[in-house]
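Subject: Structure for you to look at

Dear colleague,

I am handing over the structure we spoke about, with the sequence alongside. Please have it open while you read the notes that follow.

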Amino acid sequence: RPGGRKKKPVLRHSLELFLRLKGINSITVVIAEEFRDVLADAAKADPRVQFADPGKERQDSVFSGFCKIPEDSTLVCVHDAARPLVTEAEVYNVIKDANEHGAAVLAVPMKATVKESEDGQFVKRTIDRSTLWEIHTPQVMRPDLLKKGFAKVAAEKLEVTDDVSIIEQLPAPVKITVGEYTNIKLTTPEDMPMASSILAARK
């Protein structure tokens, strides 16, 4: 719960940002029913907010949410609630790129040195990071592409680790939208002070 003394659930940061954006006609929060009370007031106050049940794997959860989108949607924007620090500008930029190219993903150039190991004990080689990108969310794509991608993933029983990987399976191009390093993913308790610091700096 980054945000200082009056702490706000991580999920609400992302939800409130998307509710502020122009052109968003539906927001589906994929979350188990027992945790939906934290967003009950938001869903009651805004008819665009609805819920979907999570699946076994990430791709199953995304499909569950995808099934709830309005038929007239022109783009699907998939965002990880563990990235509450994404900015409005980042979201608008990746939506713009997806609208032009069919699919787009927020990403930043890889900073860290990356090494490959086959046995988890010894280094096999150092990978050239000049061509590597750290992938963020949102990941945005046309609904027809996502539908075709899901069909192929299901038919071939593929497992994908992120949303645009489904589009890559078609194959179809995915535009890289350069994001910000502050769009961190909160995965450990050590990430929370950094998130709070970033939020404080924006005020």
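A residue is called buried when its relative accessible area is under 20%, exposed when that area is over 50%, and partly exposed in between. Please keep in mind throughout that this is a predicted model.

With those cut-offs, Trp133, which lies in strand β7, counts as partly exposed because its relative accessibility is 32%. Trp133 also belongs to a nonpolar surface patch of about 310 Å², which it makes together with Ile135, Ile176 and Val178. Two elements, β7 (133-141) and β8 (175-178), are the ones that give two or more residues to this patch.

Let me turn next to the strands β1 and β2. Strand β1 runs parallel to β2 (residues 49-52), and four bridges join the two strands. Within this pairing, Val29 stands opposite Phe51 of β2, while Val30 stands opposite Ala52 of that strand. Together with helix α2 (residues 40-45), the strands β1 and β2 make a β-α-β unit, and this unit is right-handed.

Which residues of helix α3 are buried? In this helix, which spans residues 58-66, they are Gln59, Ser61, Val62, Ser64, Gly65 and Phe66.

Most peptide bonds are trans, and most residues other than glycine have a negative phi. In this model, however, the peptide bond from Thr137 to Pro138 is cis, with omega near 10 degrees, and Pro138 is found in strand β7. A cis peptide bond also joins Leu170 and Pro171, where omega is about -5 degrees. Pro171 is found in the loop between α6 (164-168) and β8, and it counts as exposed because its relative accessible area is 69%. Although Pro171 and Gly149 are 22 residues apart along the chain, their C-alpha atoms are separated by 8.6 Å.

As for phi, Lys157 has a positive value of about 55 degrees although it is not a glycine. Lys157 is found in the loop between α5 and α6, and with a relative accessible area of 74% it is therefore exposed.

Finally, is Ala195 buried or exposed? Ala195 has its place in helix α7, which covers residues 191-202, and since its relative accessibility is 0%, Ala195 counts as buried. The C-alpha atoms of Ala195 and Lys185, which are ten residues apart along the chain, are separated by 9.2 Å.

Definitions and conventions:
Residues are numbered from 1 along each chain as its sequence is written. This is a predicted model: local features need pLDDT of at least 70, side-chain atom pairs count only at pLDDT 80 or more; totals for chains, interfaces and linings use all residues. Side-chain values use heavy atoms; hydrogens and water are left out. Patches are made of residues with over 30% relative accessible area and no salt bridge: like charges are joined within 9 Å, nonpolar side chains (Val, Leu, Ile, Met, Phe, Trp, Tyr) within 5 Å. Accessible areas come from the Shrake-Rupley method with a 1.4 Å probe; for residues, only the protein chains shown count as cover. A salt bridge is a side-chain nitrogen of Lys or Arg within 4 Å of a carboxyl oxygen of Asp or Glu. Buried means under 20% relative accessible area, exposed over 50%, partly exposed in between (1.4 Å probe, protein chains only). Two strands pair if DSSP finds at least two bridges between them. A crossover is right-handed if, with the strands pointing away from the viewer, the path from the first strand over the helix to the second runs clockwise.
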